Amino acid sequence: MRPPVTTMRPSPSPASVPNCVWSSVAAFAFTAMVGFVLLRMPFTWVGGSEAPTLRALFVTLNTITLTGFQTQIPLEQLTLAGRFTLLALMAIGSIVTLTIGGAAVARIARLDTTDRRMFRFTIALYMAMVLIGAIAIARDGRTLFDAVF
């Protein structure tokens, strides 16, 4: 008697799992370091002064992890470069977290998908949802860029 045919792919070997995870963790850490350095620069703040180290570190980690702790820094204190830095930290933090979670679920469920496909799908879905949310919020008289925040 033949064994039943299954469409599930075999469980990945332990050596292949860390590739996606470690690449994502490295990208996450690198982005946090670059964001910290950029937020310490005077050109990211309206007054042109350098941000204190702990404040720049807190804002960077709070933004990239999407923790949501309240800060005493209104967006008006940031220049366009500072706002783009925060936007990049939010986007990359979200995409890396969603990609790692999606890859973990795909491996646990033994879905027939690749990490690359998961990454592309995460980016497309993230961009679509941010755009839909920003358009809905922008109706209240805000610019599209401000509505993203």
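Trainee: Why is Arg110 called partly exposed?

Mentor: Arg110 has a relative accessible area of 38%. Buried means under 20%, exposed means over 50%, and partly exposed is what falls in between, with a 1.4 Å probe and protein chains only. So Arg110 belongs in the middle class. Before we go on, this is a predicted model, where local features need pLDDT of at least 70 and side-chain atom pairs count only at pLDDT 80 or more, while totals for chains, interfaces and linings use all residues. Residues are numbered from 1 along each chain as its sequence is written, and side-chain values use heavy atoms, with hydrogens and water left out.

Trainee: What makes the phi of Arg110 stand out?

Mentor: Phi of Arg110 is near 55°, a positive value in a residue other than glycine. Most residues other than glycine have a negative phi. Arg110 is found in the loop between H3 and H4. Leu66 is another case, with a positive phi of about 55°, and Leu66 sits in the loop between H2 and H3. At a relative accessible area of 45%, Leu66 also counts as partly exposed.

Trainee: How many helices and strands does the chain have?

Mentor: There are 5 helices and 0 strands, and the pattern along the sequence is α-α-α-α-α. Helices (H or I, at least four residues) and strands (E, at least two) are DSSP runs, numbered from the N terminus.

Trainee: How do you know that the span of helix H4 agrees with its number of residues?

Mentor: The expected span is 1.5 Å times one less than the number of residues. For the 24 residues of H4 (residues 115-138) that gives 34 Å, and the end C-alpha atoms are 34 Å apart, so the two agree. The buried residues of H4 are Met118, Thr122 and Ala134. Their cover includes helix H3 (80-108) and helix H5 (144-148).

Trainee: Is Ser24 buried or exposed, and why?

Mentor: Ser24 has 11% relative accessibility, so it counts as buried. Ser24 lies in helix H1 (residues 17-40). Not counting residues up to four places away in sequence, Ser24 touches Val96 and Ile100; contact means heavy atoms within 4.5 Å.

Trainee: Why is Thr85 called buried?

Mentor: Thr85 is at 9% relative accessibility, and therefore counts as buried. Thr85 is in helix H3 and, leaving aside neighbours within four places in sequence, is in contact with Gly35, Leu38 and Leu39. Over the whole chain of 149 residues, 26% count as buried.

Trainee: And why does Leu61 count as partly exposed?

Mentor: Leu61, in helix H2, has 41% relative accessibility, so it is partly exposed. Leu61 and Gly93 are 32 residues apart in sequence and 9.6 Å apart in space, C-alpha to C-alpha.

Trainee: Which residues lie closest to the centre of the largest pocket?

Mentor: The largest pocket holds about 450 Å³ of space. Of the 18 residues lining it, the closest to its centre are Asn62, Thr63, Thr71, Leu86 and Met90. A pocket, on a 1 Å grid over the protein atoms alone, is an open set of points where a 1.4 Å probe fits, with protein on both sides within 12 Å along at least five of seven lines; lining residues have an atom within 4 Å of a point. Helix H2 (53-64) gives the most to this lining, with 3 residues.

Definitions and conventions
Grid points are joined across faces, edges and corners, and a volume is the space filled by probe spheres set on the points.
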